Amino acid sequence: MPISDQAPGQVRRWAADLLTRWGAADAVEDAVTVLTELVTNACQAGASRVIVSIEPDAGPNVIEVCVWDDAPGVPQKHEPDLSAERGRGLFMVDALAARWGHHALPLGPGCSGKVVWADLAAHGAGSGDGA
């Protein structure tokens, strides 16, 4: 996905549609919130592109969402300034996800990056046709 101001909204629409088609409508709200935060963080960190995936069968009643980006650095949850307009995204991810994390994932020579993932509770999630 190309980086633009529209990227988070495009990801929200894509994820909501995909999860609904997979029979996991109960996971849509949490998934789109988490993905919006992760894509927004990647954009703000200087990513030139992102790759988003959703795994509907990551475990019993678990949907895993992942965002790969080529931005430098790693996500760090900081104590938010309650008067600031930014800085609460990873707190929301932490609150909504059963667990989350990140790891390095280079895609090839000269293409470094990381994946930030989150496992979300989903009842009735089924196999999909790809993400």
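Arginine 99 counts as exposed, at 51% relative accessibility. In this predicted model, the side chain of arginine 99 meets that of aspartate 119 in a salt bridge, 2.9 Å from N to O. Because arginine 99 belongs to strand β3 and aspartate 119 to strand β4, the pair ties together parts that are 20 residues apart in sequence. Aspartate 119, at 6% relative accessibility, counts as buried.

| Salt bridge | Distance |
|---|---|
| Arginine 99 and aspartate 119 | 2.9 Å |
| Aspartate 69 and lysine 114 | 2.7 Å |
| Aspartate 17 and arginine 21 | 3.1 Å |

Aspartate 69 and lysine 114 meet through their side chains in a salt bridge. This pair links distant parts of the chain, with aspartate 69 in strand β2 (residues 62-69) and lysine 114 in strand β4, 45 residues apart. Aspartate 69 is buried at 3% relative accessibility, and lysine 114 is buried at 8%.

Aspartate 17 and arginine 21 both lie in helix α1 (residues 7-21), four residues apart, or about one turn of the helix. Aspartate 17 is partly exposed, its relative accessible area being 42%, whereas arginine 21 is exposed, with 51%.

The surface also carries a nonpolar patch of about 240 Å², made by Ile51, Leu105 and Leu107. Leucine 107 is placed in the loop between β3 (99-104) and β4 (114-121). With a relative accessibility of 45%, leucine 107 counts as partly exposed.

Conventions
Residues numbered from 1 in each chain as written. Predicted model: local features only at pLDDT ≥ 70, side-chain atom pairs only at ≥ 80, totals over all residues. Heavy atoms only, no water. Patch = residues over 30% accessible without salt bridge, like charges linked within 9 Å, V, L, I, M, F, W, Y side chains within 5 Å. Areas by Shrake-Rupley, 256 points an atom, 1.4 Å probe, with all protein chains shown as cover. Salt bridge = Lys/Arg side-chain N within 4 Å of Asp/Glu carboxyl O. Helix = DSSP H or I, 4+ residues; strand = E, 2+ residues; numbered from the N terminus. Buried < 20%, exposed > 50% of the residue type's maximum accessible area, 1.4 Å probe, protein only.
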